[in-house]
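The sequence and structure come before the description.

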Amino acid sequence: MEWKQMFSTWKKIFTNWKYLVVTVIIAIIFYSINVLVSSWSSLKGFFPTLGFFQTIKFFFILFFWFKETIMFHSFISLIVISILFGALFSLVGYKVRIGQGTGGKKIGLFGGIGLFLAAFAPGCAACGVGLASVFGIGAGALFFLPYDGFELSIASIGILSFTIVTVTKNMYVCKLKNLNNGRMY
Amino acid sequence: MSEEATLTIKKDTLWKYSTFLLLALLIVGAFVFFLGGNNNPTTGNVVANNPQPTGAPSQPSQVTASVDDDPVLGDKNAPVTIIEFSDYQCPFCRKFWTETFNQIKKDYIDTGKVKFVYRDFPLSSIHPAAESAAEAANCVREKGGDEAYYKMHDKIFQEGNKLDGGDPITGPVRGTAQFGATELKKWAKDLGYDISSCLDSGKYANEVQKDESDGAAAGIQGTPGFFINGKPLSGAQPFAAFKQVIDAELAA
């Protein structure tokens with residue numbers, strides 16, 4: 001599929017308000033999870049004092065101020081990854097919808113790797129954002145990487161972009177795949 | 001014909017994904033364990049060497065950061081205690097001072113509701129002047145007490161804003177300000193304190209390192225890191241965030 005055709009496919013999908021809304025919602029959810037993960041200890045710590053609704057309000061303060069607490073390049077990469085994640089989700093949804101009989105979601109191996117990296121160190125690996133901090137791998141842990149873990153974010157952007165292109169290329173194609181020991185999936 | 005690596009998420013392929021994710025985690029975990037170093041035996045957290053000034057470290061929700069013998073601003077019997085672990089050369093710490101601290105001081109510290117304690121957490125690997133600045137502030141404290149300490153504290157951040165091309169009080173904060181011992185001595189002199197011999201002797205190096213160790217033990221992974229009545233809050237958060245939690249603590 002040529003680039004022109006791919007753009008045409010993207011145009012077709014993302015001018016449909018349903019897919020656009022899904023993309024935006026998923027992107028916001030992904031961003032929110034990052035804020036939630038990075039603020040978890042504070043939210044948990046103050047929950048007994050604040051109560052449920054005040055904690056929600058507290059979360060929104062942290063949500064809207066999040067960009068001020070991380071490096072600018074980290075914030076930009078987080079936004080890009082969130083949007084790519086949302087776009088990929090919509091593309092997969094569209095593909096599943098038109099791919100009758102496929103019986104499941106197809107995101108590919110690269111998609112899996114990209115999403116893993118995106119989740120692991122999405123915007124600011126060096127800040128301990130993402131799953132890295134969930135696993136107790138904080139700021140110092142990724143310091144051994146030349147760019148303090150920012151390279152993981154770049155890698156996830158690259159892989160997610162590649163996955164989006166691949167998913168789009170195969171959007172209208174039925175293929176025989178993985179002929180493995182005579183089994184056909 | 002090229003064979004494409006597309007996976008359908010069924011039970012068996014789900015296992016492949018899970019295995020891959022687990023393997024990746026193990027590899028990263030092993031890498032971090034062996035090369036990341038500086039593990040904290042008390043909390044199990046990895047503590048910053050530290051790469052970036054940041055607002056997003058993860059911390060345990062209840063920790064034991066104490067006031068220690070560090071400088072106190074405000075009423076010593078105030079019902080709420082804010083302990084800040086900070087780095088004088090960290091732009092996010094300066095951002096907090098520029099955008100939030102003065103409002104907290106006006107509304108809560110000066111009114112006796114909050115006492116503020118500054119503890120040092122210099123990220124020397126990326127901020128070479130941070131430790132000297134911390135020592136310089138302690139040298140000033142030796143000469144003039146806590147009040148003098150906070151004058152020097154304010155002075156360092158003000159001068160940082162100027163070096164960063166902004167207004168001393170309002171900033172804005174753009175990046176890391178570069179300065180050294182010469183500037184620190186001059187700034188102290190501007191306040192009326194000669195700290196040359198004190199700073200050159202490294203008299204307060206141990207004090208600064210103790211703060212850093214205490215911060216690490218309490219779960220601090222980046223600066224600025226705060227404990228409000230023992231509960232953690234990370235990063236250069238806005239006044240609204242502090243106001244909400246301080247008010248809740250006052251009401252509790």
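## Basis

This is a predicted model, in which local features need pLDDT of at least 70 and side-chain atom pairs count only at pLDDT 80 or more, while totals for chains, interfaces and linings use all residues. Residues are numbered from 1 along each chain as its sequence is written, chains are lettered from A and ligands numbered from 1 in the order in which they are written, and side-chain values use heavy atoms, with hydrogens and water left out.

## Chain A overall

Chain A has six helices and zero strands, giving the pattern α-α-α-α-α-α along the sequence. Helices (H or I, at least four residues) and strands (E, at least two) are DSSP runs, numbered from the N terminus.

Of the 185 residues in chain A, 53% are buried, meaning under 20% relative accessible area with a 1.4 Å probe, protein chains only. Among contacts (heavy atoms within 4.5 Å) in chain A with a separation of 6 or more, 73% join residues 24 or more positions apart.

## Helices α3 and α6 of chain A

Two packed helices are described by the angle between their axes and the distance between the axes. The axes of α3(A) (residues 72-98) and α6(A) (residues 150-169) come within 10 Å and cross at roughly 25°. Axes are lines fitted to C-alpha atoms, for helices over the stretch in contact, with angles from 0 to 180 degrees between N-to-C directions. The two helices are therefore roughly parallel, a term for angles under 35 degrees.

Residues in this contact include V80(A), I81(A) and L84(A) of α3(A), and I157(A), L160(A) and I164(A) of α6(A). By class, the contact of α3(A) with α6(A) has eleven nonpolar, eight polar and one charged residues. Ala, Val, Leu, Ile, Met, Phe, Trp, Tyr, Cys and Pro count as nonpolar, Asp, Glu, Lys and Arg as charged, and the others, Gly among them, as polar.

## Helices α1 and α6 of chain A

α1(A) (residues 3-14) packs on α6(A) at about 90°, with the axes 10 Å apart. The pair is therefore roughly perpendicular (65 to 115 degrees). W3(A), M6(A), T9(A) and W10(A) of α1(A) meet I164(A), V165(A), T168(A) and K169(A) of α6(A).

## H127 of chain B

H127(B) lies in the loop between β3 (114-120) and α3 (130-163) of chain B. H127(B) counts as buried because its relative accessibility is 2%.

Terms used: Buried means under 20% relative accessible area, exposed over 50%, partly exposed in between (1.4 Å probe, protein chains only). Angles under 35 degrees count as roughly parallel, over 145 as roughly antiparallel, 65 to 115 as roughly perpendicular and the rest as oblique.
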